[in-house]
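Please go through the model below with the text beside it.

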Amino acid sequence: MVMTSSSRSVETEAVRGVESAAPPDPAELRSAVDPAVLESSGLNSVQVAQRHRLGLDNVQPRTTSRSIAEILRTHLMTLFNLVIGLCGIVIILLGRWLDLLFAVAAVANVIIGLVQEYGAKRKLDAIALLHQDTIRVLRDGMVVLMHREHIVLDDVVELRRGDQVPADGVVLSSRGLDIDESMLTGESYPVAKRRDDRVLSGTAVLAGTGRFKVTAVGEKAHAVRIATEAKRYRKINSELRQALEKVALWVSVALLPIAAVVVNGQMQAHGGWSSAWETGLWREAVVTAVSSVTAMIPQGLALMTTIAFAVAAVKLSQQNVLIQEQPAVEILARVDMVCLDKTGTLTDGSIAFDQALKLSPTGGLLHEIVDPNSTAVAGTEGWQQILAWFGADEYANPTAAALREPFTSLPRHHAAYQVQFSSARRWSAVTFADDAGDLSGHWILGAPELLQSPKANPGIQSSELLTRTDRLASAGLRTMILAWAPLSGALAHGASGPLGRGEDLPPDLRPVALLTFKEKVREDAAATLQYFREQDVRLKVFSGDNPRTVSAVAREVGMEVQGDGVDASQLGETTDELRTALQGNSVFGRVSPDQKRHMVDVLRAEGHVVAMTGDGINDALALKNADLGIAMGSGAPATKAVSRMVLLDGKFARLPEVLAEGRKVIANTERVAHLFLTKTAYAIILGLVYGVLFWEFPFLPRQFSTVDFLMIGCPAFFLALLPNTRRYRPGFLRRSVLFSIPASLTIGVTVLAVSAFGRFFHEPAAAIQTASTLCLTLVGLWVLNVALRPLTTPRIVLILGMYALLALVLLTPISQHYHLFAMPSAELLAATFGVTAAGCGLIEGGYRLYLRMDSGVTSTASDD
């Protein structure tokens, strides 16, 4: 009898009855349960209530994604945001709201990052909810349907084919119970479970039925312990982010002394500290100091990188690729080693029919059926109808179920008896009575070893047939024999017989057909792996399965395999032994979860950027330790939680698209970084020089923000999204620094020269600021010009658009009023244009010097 959880009113009353009682000890609870009563009736309502009160229920930790607090901490607590925030507070306290434009980039950077990652969190949490099915629990003598988190310690859980084991336990009864433990071990063969055998959470029922007593719940369950260890957060290895963090660290370390020099210089430029405080000019000095300090921080670089990552994540989500952390796109573009799990990654986890070999009664080969989709396979011969019956059986295990598609002609007679498949017995059977014509008799589908049974016909050449099956198994194929035995005696007239009890094979067993099966390889696996090989990415396969089976699958997807692969269970645990094995081999079987993790660590220690794909709980630790963990959408929730990227539809062919997006992000971000680091460098140079000279800084924050927008911000936004197919080249930060040094020195000299001319001509501060803004923007646009080379039509249009915007900024009255511009004298204007022309020439020369210093730039420019 089965009832739903809504009908458990008796249990609710029992809970109320024990609420006031002192909570008993868990050990006392367990000893108080009568084993015989537990097996027949399960726990009663009072016992369940006591366990709920003690917290002995199956509540799962919420590890499907990072918490909101973790997401907020990651995006808010950065050095860039701290400095920008402090400067913003200063400007607000001074009431200069129009000078707060510099804070917009920092705020946008945080908002975009939060929205993107929170969206990924919600999507992943929704996926995890889809895997939470109801289960059957024996309570008060009745089988109750309930959610897995309502299970308590010592509950008796009933398992059927297709169920996922919700907690750890010990088997109480088994009727052909076969468990798939591949999610934990990687071994794709069913494991037969008998009374007193252990079952672990995270596994699934392949065949049969059974009941088990729960011995570990919640965080103490095996699968949850693995998931908890794997979920310990490890920061992603992003070269772009590491480069930005290095820049932030350098700037932050230098910022305090530089800021002191700048503030002192500006106070001295406004008459000295005493005079500035007395006259109130200290406010202007602080504002110009903030302008100098905020210009040193490349906060826009982080924004552009975030936008590029976010746009890539949105684009890939439309292709059913979920990016859980923004830099995951970049990591795949840098990967030079991809480690693959077999089951669920190279294969889809299902079994496919391969071929049938018709046998003579003595076991000799009669003819071969090669094409599983041919009409011959789906024909109407008696043995083919029997295979169709086995495939259509609702209790068929995954191997027998693979017969359903190729064999479609079902018998018209009803079966007299049936024996379900069991891993312990290794065969299943069906009996058709004598009125079924050529179908009458006992039909047995099982392992080839059944022909060695004493019940087999003595004329069978079993050794020759088993030698053939061994060769097929070494090629990674699974083999099964369809055998037939005649009806005899009363059984031919419908009486009970051996198959009715399901214990023994019938006598005079004769072979009919040899069937071969293989794991179903993903259709896109071979093409995807070939793409990675063309991109000089090395491949390794780590599986918990038999090395021969793994090697066969690897060969089928186009990998070159030496021998039968490596049996990792025979390898030592030392790093040197694993390193030696990894250097000369690409396919490994019998790999434990800890070995997978250790192998990934060894490869990373060798300097490789490692991606690991997988779907099972046994893959979770390796995915977490890899530079990039990639989980399949059909995988375990814990595995998806620790991965950086999830292929929602499980299509391996999505990875080349991710690689292309990653290359675009890296290549375009490098161009953007050239511009932003140039700005940071010249801002530091100008801040120090003007501070030492006690000259008034020639820019207000709003003016510097506008120059930043024209020279970098607006172009960088479009530049970050332009197509770019250049392959990844290490040394991103080095090249950016090499580019920025000559450009920043040139800008610093030109701006300083304009200020010198302004002081020489006794120009007011507003006129010098206007001339400096003009000079800085024009020279900066020439930096943009060289950074965008080779120039294409879209890039030329972008540069011309920035010149047009500069004209609007300088000539529009409302803009002149906002920026506090004043018309410089003719002499200062002439000097400004002369200095600007010289500065553009120096930028061109510096760019050519940069090309010579980094010769690889020329060779890769054509890839853009």
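Which residues in helix H22 (residues 575-584) are buried? They are Leu578, Ala581 and Leu582, where buried means under 20% relative accessible area, exposed means over 50% and partly exposed lies in between, for a 1.4 Å probe and protein chains only. These three lie on the same side of H22 because they cover an arc of only 100 degrees around the axis, the arc being that of the directions from the helix axis to the C-beta atoms. An α-helix has 3.6 residues a turn, so residues three or four places apart point the same way. On the other side of H22, the exposed residues are Asp576, Thr580 and Gln583. The cover over the buried residues of H22 includes strand S18 (538-542), strand S20 (587-589) and helix H23 (593-605). Contact here means heavy atoms within 4.5 Å. Helices (H or I, at least four residues) and strands (E, at least two) are DSSP runs, numbered from the N terminus.

This is a predicted model, in which local features need pLDDT of at least 70 and side-chain atom pairs count only at pLDDT 80 or more, while totals for chains, interfaces and linings use all residues. Residues are numbered from 1 along each chain as its sequence is written, and side-chain values use heavy atoms, with hydrogens and water left out.

Next comes a helix pair. The axes of helix H28 (residues 732-760) and helix H32 (residues 826-853) come within 9 Å and cross at roughly 165 degrees. That angle makes H28 roughly antiparallel to H32; angles under 35 degrees count as roughly parallel, over 145 as roughly antiparallel, 65 to 115 as roughly perpendicular and the rest as oblique. The axes are lines fitted to C-alpha atoms, for helices over the stretch in contact, and angles run from 0 to 180 degrees between N-to-C directions. On the H28 side, the residues that meet H32 include Leu738, Phe739, Pro742 and Ala743. Among their counterparts in H32 are Val835, Gly839, Leu842 and Ile843. By class, the contact of H28 with H32 has 15 nonpolar, 6 polar and 2 charged residues. Ala, Val, Leu, Ile, Met, Phe, Trp, Tyr, Cys and Pro count as nonpolar, Asp, Glu, Lys and Arg as charged, and the others, Gly among them, as polar.

Some loops have backbone details to note. Between helix H29 (765-787) and helix H30 (793-811), the loop holds proline 790, and the peptide bond from arginine 789 to proline 790 is cis, with omega near 5 degrees. Arginine 590, in the loop between S20 and H23, is not a glycine, yet has a positive phi of about 55 degrees. Arginine 590 is partly exposed, at a relative accessible area of 31%. Phenylalanine 694 is not a glycine either, and has a positive phi of about 60 degrees. Phenylalanine 694 sits in the loop between helix H26 (654-693) and helix H27 (701-719) and is partly exposed at 41% relative accessibility.

Two buried residues remain. Isoleucine 444 belongs to strand S15 (residues 441-446) and is buried, with a relative accessible area of 0%. Not counting residues up to four places away in sequence, isoleucine 444 touches residues including Trp427, Ile481, Leu505 and Leu509. The C-alpha atoms of isoleucine 444 and leucine 505 are separated by 8.4 Å, although the two are 61 residues apart along the chain. Glutamate 661, in helix H26, is buried at 6% relative accessible area. Leaving aside neighbours within four places in sequence, glutamate 661 is in contact with Ala312, Lys315, Leu316 and Val329.
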